[in-house]
Number of protein chains: 2
Amino acid sequence: MLADHSNDDQKCKIRRLDLADKNKGFIELLRQLTVCDSVSDKEFEDRFKELASEGDDHIICVVEDNDTGKIVATGSVFIEKKFIRNCGKVGHIEDLVVDANARGKQLGKKMIEFLTKHARSIGCYKVILDCSTENKAFYEKCGFKEKEIQMVKYFPW
Amino acid sequence: MLADHSNDDQKCKIRRLDLADKNKGFIELLRQLTVCDSVSDKEFEDRFKELASEGDDHIICVVEDNDTGKIVATGSVFIEKKFIRNCGKVGHIEDLVVDANARGKQLGKKMIEFLTKHARSIGCYKVILDCSTENKAFYEKCGFKEKEIQMVKYFPW
């Protein structure tokens with residue numbers, strides 16, 4: 001007998017971030033990724049609108065657990081416009097995180113596929129991301145290959 | 001007797017890309033970095049205007065050799081707006097290239113410093129870039145540290 005995954009698929013629906021997601025644990029989810037102090041409703045709305053004004057050139061996506069009403073996965077991609085590669089475009093994937101309690105459902109892989117597909121539909125010639133060496137194998141399963149190294153300079157507050 | 005570097009400083013003046021730079025070897029310079037086929041005047045102008053509309057959030061800078069009227073260095077930085085880090089911002093440095101005949105004048109280092117300063121002035125908490133392991137030492141001299149690895153997925157044409 002085949003397992004019925006239709007309910008699982010419904011639960012894994014990827015959609016764009018909505019203003020109401022702030023009260024569905026979106027910020028708390030980002031906190032599983034890195035430093036993300038509390039953000040006021042005004043700050044959230046302002047940043048949300050700034051990003052929305054970029055349209056398809058910068059999308060933030062989420063997966064909401066329909067049972068709990070909580071955001072359990074998120075990821076973003078923004079489109080960089082270049083002169084190289086015949087005025088080409090590059091998709092930059094950022095801030096992918098899956099709730100620790102929602103692992104094992106391939107939400108991360110599905111999110112990466114969704115963001116990659118978006119970048120391709122916009123006309124990008126490649127999509128890139130930076131990750132730790134521990135996460136390299138995951139991205140290889142998503143069809144990515146290691147290419148360069150990321151260098152960083154932090155500014156003092 | 002101290003050397004007079006005032007003329008050198010004049011020659012190393014960093015400014016934003018101008019529409020007229022297409023005829024000053026800007027595309028040919030990018031070709032030293034990667035694939036960059038010929039771009040029509042219309043394509044160049046369209047992309048230039050798209051980028052200009054992003055204002056300080058995406059700047060492309062150049063150094064013009066006043067003697068030859070040629071562009072000898074270029075680099076860009078764009079500002080990514082996030083929710084993490086208190087709705088923080090990150091500067092992404094891209095497409096740095098110094099003409100092979102203009103090496104040894106620290107144009108690359110000056111360009112990185114200029115782009116980094118710009119990102120900081122916009123309120124970024126960090127600036128990042130991807131490079132080959134061969135160029136790591138150069139970026140370390142610019143105050144950067146290795147952090148993660150870059151993963152890439154190219155799309156077939």
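How many residue pairs are in polar contact between chain A and chain B? Here are some notes on that and on the rest of the contact.

1. Between chain A and chain B, 32 residue pairs are in polar contact, both at pLDDT 80 or more. A polar contact is a pair of N or O atoms within 3.5 Å; within protein, one must be able to donate a hydrogen and the other to accept it, and residues adjacent in sequence count only if both atoms are side-chain atoms.

2. A word on the basis: this is a predicted model, where local features need pLDDT of at least 70 and side-chain atom pairs count only at pLDDT 80 or more, while totals for chains, interfaces and linings use all residues. Residues are numbered from 1 along each chain as its sequence is written, chains are lettered from A in the order in which they are written, and side-chain values use heavy atoms, leaving out hydrogens and water.

3. The contact (heavy atoms within 4.5 Å) takes 63 residues from chain A and 63 residues from chain B. Of the interface residues of chain A, 100% are also interface residues in chain B, so the copies meet through the same surface.

4. Six salt bridges are counted between the chains, each a side-chain nitrogen of Lys or Arg within 4 Å of a carboxyl oxygen of Asp or Glu. One of them pairs A:Lys82 with B:Glu94 (3.0 Å, N to O).

5. About 6300 Å² is buried between chain A and chain B, with carbon and sulfur atoms giving 60%; this is the accessible area (1.4 Å probe) that two parts lose on being put together, summed over both. In chain A, A:Phe83, A:Met151 and A:Phe155 lose the most area to chain B, together 15% of what that side buries.
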